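Here is a protein chain to look at. Take a moment with the sequence and the 3D structure, then read on.

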Amino acid sequence: MSSVSSEGSPVGRRVVLGMVGLGALGVATGAWVQRGVNRALGPVGSGISGIVPAAGGFRFYTVTGPVKRIAPADYNLRVRGLVERPRSYSFADLQHALPQTRMTDTFHCVTGWNVPNVAWEGVALPDLLDAVGVRPGARGVRFTSFDGTYTESLTMEQARRRDVIVATGMLGGPVSHDHGGPVRMYVAPMYGYKSTKWLSGIEVVGDVRPGYWEERGYDVDAWVGRSNGYTS
């Protein structure tokens with residue numbers, strides 16, 4: 001989620017997971033713990049900016065360390081599971097063979113920081129689901145990352161929202177590697193951990209499965225201001 005070196009700084013692993021003593025006890029207890037994590041990370045532009053870069057207001061998080069770089073020309077998104085027409089979409093397919101959606105929204109991280117007026121473009125997830133044909137019995141959508149570790153999920157009702165985007169563009173240009181490109185999710189009404197970076201696969205499933213951070217105490221339904229201990 002930032003513009004840093006080609007490999008990025010593995011803050012998620014070195015800092016966030018380094019606070020599991022705090023997180024395992026408390027991420028589910030809500031805003032108080034999240035503010036504690038945010039204080040430990042420091043403000044954007046603080047003295048630890050070499051570890052937590054702040055280009056464009058974003059911080060770089062990864063749970064695995066450096067993530068391999070994939071060029072748009074080599075990218076493929078596999079869509080499978082309970083669908084009528086499973087297939088892989090190239091980057092060009094996502095840009096030209098499917099309807100395009102654009103939106104501007106505030107990005108919210110569960111640790112308390114946000115970035116206003118972020119421009120996104122790509123394919124609304126409902127349009128992609130319609131293209132492959134969702135089969136009866138499907139209740140959720142699971143997302144995987146080519147970092148090899150990260151997963152996320154949405155209910156089918158959530159996945160059908162028009163403000164859930166398979167993003168190929170961000171901030172007026174392509175989604176950079178360090179922002180999770182060449183393709184990432186953006187789930188506008190939820191905290192950033194629902195917006196899977198380095199998107200490799202979408203699977204339509206019969207039951208919603210907890211994602212990486214839900215397994216570590218975060219809320220499955222991550223509504224901004226209405227989950228993880230925050231109240232509007």
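Is Asp130 buried, partly exposed or exposed? Asp130 is partly exposed, with a relative accessible area of 46%. Keep in mind that this is a predicted model.

**Asp130 and its helix**

Asp130 sits in helix H5, which covers residues 125–132. Leaving out residues up to four places away in sequence, Asp130 touches Arg85 and Arg160. Take Arg160. It is 30 residues from Asp130 in sequence, and the two C-alpha atoms are 9.7 Å apart in space.

How many of the residues of H5 are buried? The number is 6 of 8, and H5 is mostly covered. The buried residues are Leu125, Pro126, Asp127, Leu128, Leu129 and Val132. An α-helix has 3.6 residues a turn, so residues three or four places apart point the same way. Just after H5 comes Gly133, with a positive phi of about 75 degrees.

**The nonpolar cores**

The largest nonpolar core holds 43 residues. Leu77, Leu125, Leu128, Val166, Leu199 and Ile202 touch the most other members. Several elements give two or more residues to this core, including strand E1 (76–81), helix H4 (91–96), H5 and strand E10 (199–205). Which element gives the most? H5 does, with 4 residues.

Now look at Leu199. Its neighbours within four places in sequence are set aside here. Leu199 is then in contact with Tyr75, Leu77, Phe143, Thr144, Phe146, Val166, Gly180, Val183, Arg184 and Met185. Another core lies apart from the largest one. This other core has 15 residues, among them Phe58, Tyr61, Trp120 and Ala167.

**Aromatic rings**

The model has 10 aromatic pairs. One of them joins Trp120 and Tyr186. This pair is stacked, at 4.2 Å centre to centre, with 10 degrees between the planes. What does the pair tie together? Trp120 lies in strand E4 (residues 114–124) and Tyr186 in strand E9 (residues 184–187), so the pair links parts that are 66 residues apart in sequence.

Are these two residues buried or exposed? Trp120 is buried, with a relative accessible area of 2%. Tyr186 is buried too, and its relative accessible area is 2%.

The table lists two cases.

| Arginine | Ring | Distance from the ring centre |
|---|---|---|
| Arg87 | Tyr89 | 4.0 Å |
| Arg216 | Tyr212 | 3.7 Å |

**The whole chain**

Step back now. The protein chain has 6 helices and 10 strands. What share of its 232 residues is buried? Buried residues make up 53%. The chain exposes about 9800 Å², and carbon and sulfur atoms supply 51% of that area.

Note on methods:
Residues numbered from 1 in each chain as written. Predicted model: local features only at pLDDT ≥ 70, side-chain atom pairs only at ≥ 80, totals over all residues. Heavy atoms only, no water. Phe/Tyr/Trp six-rings, centres within 6.5 Å; stacked < 30°, edge-to-face > 60°. Buried < 20%, exposed > 50% of the residue type's maximum accessible area, 1.4 Å probe, protein only. Lys NZ or Arg CZ within 6 Å of the ring centre and 35° of its normal. Areas by Shrake-Rupley, 256 points an atom, 1.4 Å probe, with all protein chains shown as cover. Contact = heavy atoms within 4.5 Å. Core = buried A, V, L, I, M, F, W, Y, C linked by side-chain atoms within 4.5 Å.
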